[in-house]
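Trainee: I would like to go through this structure with you. Could we take it one question at a time?

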Amino acid sequence: MKKFEKTVFKAIEIEGLIKEAEIMDSGIEDNTMNTENINLKAEPFNDYSQHDTGDDTDYHSGETDFLPFIKSQSTLNDTYEEYVSEEDSELIEHPNKYNDLHEYRCDLDTDYVADVYEHQSKRRKMNNGEILNVSEEKKYVDQVKTVDNDNVNDTSNISNKIQRIMKNMGYKTGKGLGKDDQGRVEPIEAVIQHGRRGFGHYVPGLKEASLKWNPKEEEIKAIEDIEWLPNMHSETPQVMEMSDWIKLGPRKHTIDDEDNFCNPEILKQIIRSKTVFDKLDKVEMRKARTRSNPYETIRTVNFLNRAAVKMANIDRACNFMFTDPKNLNSNELLYFADVCAGPGGFSEYVLSRKGWRAKGFGFTLKNENDFTLDEFFAGPCETFHPFYGSKGNGDVFDAQNQEEFKSLIMKHTNGKGVHFMMSDGGFSVEGQENIQEILSKQLYLCQCLVALMIVRPGGHFVTKLFDLFTPFSAGLIYLMRKCFDTISIFKPNTSRPANSERYLICKKKKADTQNIADYLSHINYLLSLRIDTNDVLELVPLSILEADVEFIKYLKTSNDNLGKKQITNLLKIAAFCEDPTLTESKQADMRKECLKYWNLQDKSRIRPQIPKPQDKVREILRDSVSILRSEATKLKSDNARNTVLNQPYDWYCMPCGSGACIEEEKIATFYLGLGRRKVYRFSRNKWESVGDIKIELPANTLVYAELVYETKWTGKYFSKTRALHILDAYMLGGEDVSKYYLSTRYKLTKMFCDALWKPSPNDYICIRAKERFLLTPDIEKKLRVTPHRVKLPSAFEFAKNPLEFDGENDTAYVYSAFNSVLFIRSIAQPWARHISKKSHEYYVYNRVTGKSEYEIRDGMPNRPHEAEANFVKAFEERVVWNWPQDTQGTLNMANFVQMLAPWKITS
């Protein structure tokens with residue numbers, strides 16, 4: 001009895017040992033999965049192996065061999081009583097029985113425990129990433145599989161002794177243990193935890209989908225092919241004709257039967273492939289998607305979001321036709337619009353390419369989907385202007401908002417429209433991914449409608465779409481093709497390959513698109529009624545679409561190719577979900593190759609540090625810091641002939657608000673911009689903030705300017721506001737203009753101010769380039785002094801900027817304080833400007849070398865660069881005349897004009 005009791009207890013001890021080994025292994029798996037959960041950007045899991053399945057099976061195989069001993073405590077007690085009652089006397093009468101049992105017990109004590117520890121050791125090595133001999137590892141896995149597949153129910157390898165003992169304990173071949181044979185026959189299967197799934201959780205169709213993935217079907221490359229569909233038809237449909245095209249009917253809620261523009265089998269496969277993920281944990285799906293996408297590690301680079309990199313990808317695929325149009329003049333701003341695109345990644349990319357030379361207008365939903373201008377690290381947000389309409393909601397579906405946005409664009413582009421428009425609208429369709437196209441059709445339409453309203457002839461348009469299977473979508477693409485020279489349906493590398501996203505790119509807008517714009521506006525009205533029983537199903541009859549063979553062929557080919565690509569990558573994600581050790585080996589190479597091809601810097605996004613103003617100025621001026629303390633020469637009667645009247649045509653003059661008795665904040669000085677409202681002025685030999693004065697200047701801007709008061713006639717009264725007038729510029733938004741000729745600096749400054757000009761109403765002060773005049777004998781006519789009726793002691797009258805016109809008939813002037821005249825040199829000595837008595841054209845003459853050149857020859861600039869005074873030279877030699885406020889000086893306007901008389905040229 002005691003001997004048997006020890007045997008039973010030894011079996012219980014071994015059972016505990018096995019459980020301890022299993023706990024150890026499960027702990028290793030938990031740690032591995034926790035590492036995966038924490039590190040979402042993990043590279044291949046070196047400590048996580050598929051061999052876990054084999055390991056677990058091996059434990060259970062050993063357990064099956066000794067089922068009589070590895071049992072619950074109650075079962076062992078029953079066995080003990082049965083053994084005592086039936087076998088005790090037999091053991092006494094036949095001692096060999098006991099010897100057989102003792103021999104078996106010794107085998108159990110030594111061999112099995114050794115096997116457990118050997119298995120446990122191998123398991124630990126594999127999970128810790130230790131290297132096993134390849135043949136040893138293969139042999140180990142094969143042993144596990146053999147035990148699992150061959151020896152579970154095979155009793156041929158079990159000794160007669162074991163079979164006899166099992167039979168005596170009630171075991172029947174092919175039956176389970178227990179009083180009613182209720183025990184399991186098969187060993188417990190090993191289950192691997194997948195991601196956040198519970199043990200044994202089954203996702204229908206996922207494993208089957210993963211087995212269908214064929215890596216050879218995926219094409220991975222940095223340089224993409226883009227197929228264009230030209231518009232061979234010059235005419236556009238008439239409004240009356242199109243009004244008969246509309247087809248109304250009950251709103252659709254399925255897309256399964258929309259196979260007129262694609263291969264039906266591909267459509268079914270797309271829907272099936274998407275449905276597989278409906279019951280999969282979203283976190284697990286995203287992690288598998290991240291590991292499987294060869295372009296995923298490109299991420300946002302140094303931009304606000306991935307949308308910016310998508311636009312960079314599209315721009316490069318189109319040979320930079322958006323940010324570097326061939327027909328853009330060097331003295332012209334690049335105007336663009338960004339619709340339904342908060343928080344503004346598209347715009348940040350464009351501004352990163354063009355800087356302040358691009359002026360953007362944003363139209364998106366306010367608040368939660370708004371533009372986040374403070375996060376524009378890569379480009380100057382000061383030249384980007386959000387718009388929300390008079391209702392303040394930014395709803396692109398609203399017809400009034402659309403018209404107001406058009407009016408704003410036309411006012412700021414001199415009635416021409418933007419050079420291009422981008423739109424990237426979308427909304428969550430979680431749980432309804434298969435009908436995303438149906439849910440998004442009004443968004444499709446309104447983005448296209450706004451583009452036809454605001455893009456100038458010859459301009460471009462790019463917009464995000466999803467599936468294009470329905471007649472509604474096909475009709476919209478057909479109409480957009482009628483409005484542009486060429487279109488393309490393109491899916492960039494940066495658009496995740498497993499989704500249905502794609503982009504419609506339209507090149508060179510035609511002039512006569514108003515009919516189609518009016519038609520789409522009417523469709524938008526019908527869709528806004530939200531009548532489920534009377535929804536717009538078709539924009540263009542199917543018969544007309546099918547008559548355009550080239551269009552149908554292009555659309556079907558596009559849908560089929562993108563559909564195949566989507567299916568391949570959905571199956572790939574399924575495979576990566578099933579096997580968390582899989583990784584895409586080409587991610588690092590694709591990031592490097594794509595960024596180089598798109599001409600983007602490979603750097604991480606870091607919030608720029610705001611330097612101290614004095615440090616930034618030293619960085620900008622370098623060896624010219626001394627100009628900050630340079631004093632202007634005061635013009636008087638005794639030095640006039642030795643300064644500005646020595647060579648009058650070398651000088652430009654401008655009326656200023658600064659004067660002898662003007663408060664400190666209004667005196668002309670240097671202004672430094674560090675981005676947004678971080679603006680500083682140089683006063684009393686130090687830099688100080690402008691305080692509550694609402695001025696915005698792009699980072700790395702250094703200008704010589706003055707803060708003045710302006711008055712305007714409103715129709716009922718004169719309003720008085722502040723303004724910043726730029727007299728000259730050293731650096732504009734990071735662009736060094738100090739080496740340019742004075743007139744060039746003025747033109748760039750004027751363009752800079754136009755880019756900064758904010759749509760009204762706003763509470764920011766306006767920024768202008770101060771008007772300047774060449775010093776000629778008729779200077780008195782140019783320096784016009786206005787009477788006191790404008791609420792200023794003396795004022796200078798000048799024309800409004802077209803951006804501030806209140807209407808087509810607005811002819812009112814603007815008046816600013818006039819307290820002095822600033823003279824700035826434009827020609828560097830020893831050169832001097834003269835006017836030809838014969839041709840009456842300006843030329844420059846070098847009195848040292850005797851060389852002379854006309855400034856303009858054959859309509860092109862011909863002035864030698866060395867004859868042009870740069871910013872430092874012009875600033876150091878500036879002259880100030882305190883007229884008309886200095887009544888006690890010896891030089892007045894009459895005397896000054898008399899001194900200029902000899903320079904007057906008579907015809």
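**A cavity and the strands**

Mentor: This is a predicted model. The second largest cavity has a lining made up of Met654, Ile726, Leu727, Asp728, Leu742, Arg745, Tyr746, Thr749, Lys770 and Arg772.

Trainee: Which element gives the most to the lining of the second largest cavity?

Mentor: Strand S17 (718–732) and helix H22 (742–756) each supply at least two residues of that lining. The lining includes Leu742, Arg745, Tyr746 and Thr749, and these numbers fall within 742–756. With 4 residues, the element that gives the most is H22.

Trainee: How many residues of that lining are charged?

Mentor: Asp, Glu, Lys and Arg count as charged. Asp728, Arg745, Lys770 and Arg772 are among the lining residues. The lining divides into 5 nonpolar residues and 1 polar residue, and the number of charged residues is 4.

Trainee: How much space lies in the second largest cavity?

Mentor: The count of cavities of 30 Å³ or more comes to 10. For the second largest cavity, the space is about 60 Å³.

Trainee: Met654 lines this cavity. Is Met654 buried or exposed, and which residues point the same way from S12?

Mentor: From S12, Trp651, Cys653 and Pro655 point one way, and all of them are buried. Met654 is also buried and points the other way.

Trainee: Why is strand S12 largely enclosed by the rest of the structure?

Mentor: A residue counts as buried when its relative accessible area is under 20%. Strand S12 covers residues 651–656. It is largely enclosed because the number of its 6 residues that are buried is 6.

Trainee: Which residue in S24 is the bridge partner of Cys653?

Mentor: S12 pairs with strand S24 (residues 820–825) in the antiparallel sense, over 6 bridges. Within S24, the bridge partner of Cys653 is Phe823.

Trainee: Which residue in S20 stands opposite Tyr652?

Mentor: S12 and strand S20 (residues 773–774) run antiparallel and are joined by 2 bridges. In S20, the residue opposite Tyr652 is Leu774.

Trainee: How many residues of strand S8 are buried?

Mentor: Strand S8 covers residues 484–490, a run of 7 residues. S8 is largely enclosed by the rest of the structure, because the number of buried residues is 6.

Trainee: Which residue in S9 stands opposite Phe490?

Mentor: S8 has an antiparallel pairing with strand S1 (residues 229–230) over 2 bridges, where Pro230 stands opposite Thr486. S8 also pairs in the antiparallel sense with strand S9 (residues 502–509), over 6 bridges. In S9, the residue opposite Phe490 is Tyr503.

Trainee: In the open sheet of 3 strands, which strands stand at the edges?

Mentor: The order of this sheet is S25-S26-S27, with antiparallel pairing. An edge strand here has a single partner strand, so one side of it is left without a neighbour in the sheet. The edge strands are S25 (831–835) and S27 (852–854).

Trainee: Which residue in S27 stands opposite Tyr845?

Mentor: Strand S26 (residues 842–846) pairs with S27 in the antiparallel sense, over 3 bridges. In S27, the residue opposite Tyr845 is Ser852.

Trainee: What percentage of residues in the protein chain is buried?

Mentor: The secondary structure of the chain comes to 25 helices and 30 strands. Of the 907 residues in the chain, the buried share is 52%.

Notes. Residues are numbered from 1 along each chain as its sequence is written. This is a predicted model: local features need pLDDT of at least 70, side-chain atom pairs count only at pLDDT 80 or more; totals for chains, interfaces and linings use all residues. Side-chain values use heavy atoms; hydrogens and water are left out. Buried means under 20% relative accessible area, exposed over 50%, partly exposed in between (1.4 Å probe, protein chains only). Two strands pair if DSSP finds at least two bridges between them. On a 1 Å grid over the protein atoms alone, a cavity is a set of points where a 1.4 Å probe fits but cannot get out, and a pocket is an open set with protein on both sides within 12 Å along at least five of seven lines; lining residues have an atom within 4 Å of a point. Grid points are joined across faces, edges and corners, and a volume is the space filled by probe spheres set on the points.
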